[in-house]
Amino acid sequence: MTHGKSHFLLGDRGGLVLLASLAVLAVGVPALNLGLGPESALHVPDYMVGLLGKYLCFALLALALDLVWGYAGILSLGHGAFFALGGYAMGMHLMREIGDRGVYGNPDLPDFMVFLNWQELPWYWHGFDNFGFAMLMVVLVPGVLAFVFGWFAFRSRVTGVYLSIITQAMTFALMLAFFRNDMGFGGNNGLTDFKDILGHDLQDPATRAVLFSLSAAAVGAAFVIGRFITASRLGRVLVAIRDAEGRARFLGYRVEYYKLFAWTVSAMMAGVAGALYVPQVGIINPGEFAPPGSIEIVIWVAVGGRGTLYGAVLGAVLVNYAKTYFTGALPELWLFMLGGLFIATTLFLPKGIVGALPMMTDPERGQWRKALAVFRNVGKRKAS
Amino acid sequence: MTPIERDKIEAKDTVLYVDGVSVSFDGFKALNNLSLYVVAGELRAIIGPNGAGKTTMMDVVTGKTRPDEGLVFFQGDIDLTKLDEARIANLGIGRKFQKPTVFETQTVFENLELSLAGRRGVLESLFFKLSAEQGDRIDEMLDRIALAAQRDHLAGSLSHGQKQWLEIGMLLMQEPDVLLVDEPVAGMTDAETEQTAALLREIAGAHSVVVVEHDMEFVRALECRVTVLHEGSVLAEGSLEAVQNDQRVIEVYLGR
């Protein structure tokens, strides 16, 4: 028997490259940031640490989406909601840690509550002064929401476009709710003015370097978990459901439970991404729930390549790097470029960048020629 | 349930008991007081013109469609009208779709592996390890459905006929008591059709097999009892000879 013998991690070259890159980043970036002075050519400036850390959070979010979209075929247009909820849980803790150092100097209430003339802390803010409790909420809140949402959606056999639409509605509804001041999450402004985390100043480069390394570690851990799931029989059942749901059901698989599992794990990963994102960017507001944000995640995954996990990571980093660059250089063109990128990926690289890699490295198979032929055919079709 | 009905259900060897089943969709009666009894190890062919209710009958038995009225019992006392598809599949009723449906992006081996009889829980799947014995059983099945050479090919790369066989193989891996097989030879060459008939004849005995088919040559090759459906109920039942000479059957097939 040669089948199934390859190790779930060691058998995945792209994944190993990803893990090695993350390890290099996790050590190298802080070292080059803290260890070298600004005069050195190899010095990584502080802003770059924050920027790369942000990319890694998006990479984790993309990986979470790939788990449900790439494998189980569930196209979520609302994953930003789970990311934002994890972010809010972290933000609430950071707000509590401000203590009496806020503008109003109130030791019991965050500034925005004082501003709204609130007399006491709402019940759902209790416990968030405890770091451990807050971290639990980072995964529990998105996880429970995903579980309840999925329980109803998957049991009612809502699939395809209909499911995508209700995920979008979910994040939109949360956005409207979080915009309201009386929800107690800072309304329009969200949560901000954070001072420190576990006693470490958030402006301190050392703190930021640690947050960066933790983000890299989180992406690595999520990849290992995701890879363990997708390389197991469970992962093959998910793919089976994606490709022929009825067949899987008539083989005796309870499709709704499988989807629910992947969906909930994915939401928890997205929550962790949000929690790492908030201290690095210093703010969380209802804009993170906005539907366009969730659609962008889909584009990252599509560009990188679905169903590999590492492709999603690559896509998130590349697209966000492009976004950083072009929103600076050609701000009015960026959205057109993003749209164009998505269309081009769908037409020419249906398996994304990682799907196109074998073509480039394996000229023997003539895949490039095939791709070019497709390109020419599309051109002809347009001409005719 | 009347006592007489109960006696019928408990009649020995009746694996699948369908009695007085009716299903309507928006006023259209897809099944109209349909009754069908399949005994253990039996091979049964079901024929009938389009819209006769063949596929709906399978939907009712496998839990996809709930009957408006009627009884559907499995192995005497299991009421299938109360169970869902996954439960019914795990109890031992396998179903092959009309259009061959396999997991195209997975290998032939993996398709059979996913179909292995066993527990289907989420966590069991997460920690599942294929035993050597199970691997051997899959390889035996590969020989039986003549796909050993395609073992590690993607199922999507198989020919139409090979996909049909793979799907039959997947059904068998479930070790069901009853196989419901919907048009297994559609799109097959004559030689493949013959081999498929031989395969199904071989399967029957250890399993009950219900085959829905249009191809009369194939039905003849099955050498089994034939049930003719028409407008949602049984029109005739017996040997192929007998039903082909049945005046009502001739009218239904040729009379319009």
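The model is predicted. In chain B, six strands make up an open sheet of mixed pairing, and over all chains the count of aromatic pairs comes to 25.

**The sheet of chain B**
- The strand order is β6-β7-β8-β3-β9-β10 in chain B; β6 (93-96) and β10 (233-238) of chain B stand at the edges with a single partner strand each, so one side of each has no neighbour in the sheet.
- Neighbouring strands of this sheet are turned against each other by 20° on average, direction ignored.
- Within the sheet, β7 (residues 178-182) and β8 (residues 208-212) of chain B pair in the parallel sense over five bridges, and Leu180(B) stands opposite Val210(B) in β8(B).

**Helices on the sheet**
- Helix α7 (residues 160-173) of chain B lies across β6 and β7 of chain B and runs at about 170° to β6(B).
- Helix α8 (residues 190-203) of chain B also packs on the sheet, where it touches β3 (43-47), β7 and β8 of chain B, and its direction makes about 150° with that of β8(B).

**Aromatic rings in chain A**
- Phe8(A) and Phe228(A) form an edge-to-face pair, 5.2 Å centre to centre with 85° between the planes; because Phe8(A) lies in the segment before α1 (13-34) of chain A and Phe228(A) in helix α7 (residues 205-231) of chain A, the pair ties together parts 220 residues apart in sequence.
- Phe8(A) counts as partly exposed at 23% relative accessibility, and Phe228(A) counts as partly exposed at 30%.
- One aromatic cluster is formed by Tyr88(A), Trp123(A), Tyr124(A), Phe178(A), Phe185(A) and Phe289(A).

**Charges over rings**
- The charged end of Arg233(A) sits over the ring of Phe128(B), 4.1 Å from its centre, while that of Arg120(B) sits over the ring of Tyr253(A), 4.6 Å from its centre.

Definitions and conventions
Residues are numbered from 1 along each chain as its sequence is written. Chains are lettered from A and ligands numbered from 1 in the order in which they are written. This is a predicted model: local features need pLDDT of at least 70, side-chain atom pairs count only at pLDDT 80 or more; totals for chains, interfaces and linings use all residues. Side-chain values use heavy atoms; hydrogens and water are left out. Two strands pair if DSSP finds at least two bridges between them. Helices (H or I, at least four residues) and strands (E, at least two) are DSSP runs, numbered from the N terminus. Axes are lines fitted to C-alpha atoms, for helices over the stretch in contact, and angles run from 0 to 180 degrees between N-to-C directions. Contact means heavy atoms within 4.5 Å. Rings of Phe, Tyr and Trp (its six-membered ring) pair if their centres lie within 6.5 Å; planes under 30 degrees apart count as stacked, over 60 as edge-to-face and the rest as tilted. Buried means under 20% relative accessible area, exposed over 50%, partly exposed in between (1.4 Å probe, protein chains only). A charge sits over a ring if NZ of Lys or CZ of Arg is within 6 Å of the ring centre and within 35 degrees of the ring normal.
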